[in-house]
Amino acid sequence: MCRSRTFFALLLSLALALAPALGMAAAGDGGSFGSRGSRTYMAPPSTRTSPYGAAPMQRSITPRESPYYGSPGYGYGYRSHSPFMSGLLGGLIGAGIGGLLFGHGLFGGMHGFGSFFGLLIQLLLIWWVARWLLRRLFGTPAYPQGTGLARTAAPPGALPYGSGGAPAGGPLQIGPPDYQAFEQVLQAVQAAWSAHDLNRLRQLATPEMVAVFGEQMAEQASRGVRNIVTDVRLEQGDLAEAWNEGGRDYATVAMRFAMHDATRDASGRIVDGSVTEWVSTTEYWTFVRARGGQWILSAIQQTR
C-alpha cells in the first residue's frame with residue numbers, strides 16, 4: 001500500500017509539472033520568440049542579471065538556413081558521390097551477405113594476410129553501416145554542391161561569419177537615453193498586453209511580436225480568462241550585446257523586473273496569480289530601431 005501511494009504521488013507530481021499553467025505570466029507567455037537579425041539563433045551572452053544566459057529561440061520568422069562559417073561542429077567536411085566507392089561498398093555488402101547465407105563467413109573465411117584484410121573490410125563495413133543508420137535516424141548537416149566547406153544553420157551560440165572572418169554586424173554604443181527607452185518599452189508593452197490593446201502594441205513592437213501577442217490574447221479569450229499585469233518595475237538590467245546591420249540597430253538586454261500578475265475569469269474572479277504578491281522574472285528583451293528612430297521590441301527570450 002505504501003508503494004502504491006508513493007507511485008500515485010509521483011504520477012500526480014509529474015502530471016502537475018507537465019500540465020500547462022492557467023495564467024499567461026505576462027506578455028510573452030514564458031516563451032522565446034521573435035527575431036534578432038543575423039543573431040536570431042545565437043545565444044546572447046550571459047550577464048550579471050542573467051549569469052546562465054538565454055534559452056534558444058523557439059519561434060521566429062527568420063530562416064534558419066543561413067551561411068554560418070567557423071561554427072563549432074560545423075567545420076570542413078566532404079560528401080562522397082563517387083560511383084566507384086558506391087559500387088565497391090555495394091559489392092562488399094553483397095559479398096558479405098552472400099558469405100553469411102552460404103556458411104562461409106562474412107567474407108568467405110580468408111586466411112593469413114587475406115584474413116587481416118578481411119577484418120579491415122569488415123570494420124570498414126560496420127563503420128559505414130553505422131554512419132548510414134545514424135544519418136537515417138538523426139539527419140546530417142547539408143553540404144552545398146561543389147565545395148568542401150560545410151554551410152548550414154548554426155546552433156545556438158554559434159557565430160555567423162562574413163567576409164574576413166568577422167562576426168556579422170558591427171558594434172553599437174548604448175547610452176543612458178537608450179536604457180531609459182528600454183524600460184519605458186517594457187512597461188508600455190505590459191500595459192498594452194493587460195489592456196488587450198493590439199493597436200498600442202503595434203507602436204511598441206515589430207509585426208512579428210504583435211502577431212504572437214495577438215495569438216496569445218485569442219487563446220485567453222477562448223478560455224474565458226484574461227491576464228493582467230500591473231505595477232511593473234525594473235529591478236536590474238544590463239546590456240548583453242548591441243550591434244547594427246542592414247540599416248538597423250539592435251540591442252539585447254537582460255532585465256529582471258517585478259510585477260503583480262493575476263489572471264481573472266469572465267466574472268472577475270482571480271483564477272491564477274495575485275494582485276498583492278510580487279512576482280519577479282528575468283528575461284532577455286531585444287530591441288530594434290531604424291537609424292535615428294525609436295526603439296521597439298523585436299524578441300523575448302527566457303533565461304536558462
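Hi everyone, this is a short tour of one protein chain, from its overall layout down to a few single residues.

A word on the source: this is a predicted model, where local features need pLDDT of at least 70 and side-chain atom pairs count only at pLDDT 80 or more, while totals for chains, interfaces and linings use all residues. Residues are numbered from 1 along each chain as its sequence is written, and side-chain values use heavy atoms, with hydrogens and water left out.

Let's begin with the layout. The protein chain has six helices and seven strands; helices (H or I, at least four residues) and strands (E, at least two) are DSSP runs, numbered from the N terminus. Reading from the N terminus, the order is α-β-α-α-β-α-α-α-β-β-β-β-β. Of the 304 residues, 36% count as buried, where buried means under 20% relative accessible area, exposed over 50%, and partly exposed in between (1.4 Å probe, protein chains only). The accessible surface is about 17,600 Å², and 61% of that belongs to carbon and sulfur atoms; these areas come from the Shrake-Rupley method with a 1.4 Å probe, and for residues only the protein chains shown count as cover. As for contacts (heavy atoms within 4.5 Å), take those between residues at least 6 apart in sequence: 69% of them join residues at least 24 apart.

Now to the core. Which residues touch the most other members of the largest nonpolar core? They are V189, F213, W285, F287, W295 and L297, out of 34 residues in that core. By nonpolar core I mean a set of buried Ala, Val, Leu, Ile, Met, Phe, Trp, Tyr and Cys residues joined through side-chain atoms within 4.5 Å. Two or more residues each come from α4, α5, α6, β3, β4, β6 and β7, and α4 gives the largest share, eight residues. Take W285 as a case: leaving aside neighbours within four places in sequence, its contacts include V185, L186, V189 and Q190, as well as V253, F257 and L297.

Next, helix α6, residues 207–223. At 1.5 Å a residue, its 17 residues should span 24 Å, and the end C-alpha atoms are 24 Å apart, so the two agree; the expected span is 1.5 Å times one less than the number of residues. Among the buried residues of α6 are M209, V212, F213 and M217, and the cover over its buried residues includes α4, α5, β3 and β7. After α6 comes G224, with a positive phi near 75 degrees.

On to the strands, which pair if DSSP finds at least two bridges between them. β4 (248–265) and β6 (279–290) pair in the antiparallel sense over 12 bridges, with A258 opposite S280. β6 also pairs with β7, antiparallel over six bridges, and there V288 has I296 as its bridge partner. Five residues lie between the strands of that hairpin, where G292 takes a positive phi near 85 degrees.

A195 sits in the loop between α4 and α5 and counts as partly exposed, at 43% relative accessibility. Its C-alpha is 7.6 Å from that of I228, 33 residues apart along the chain. Thanks, everyone!
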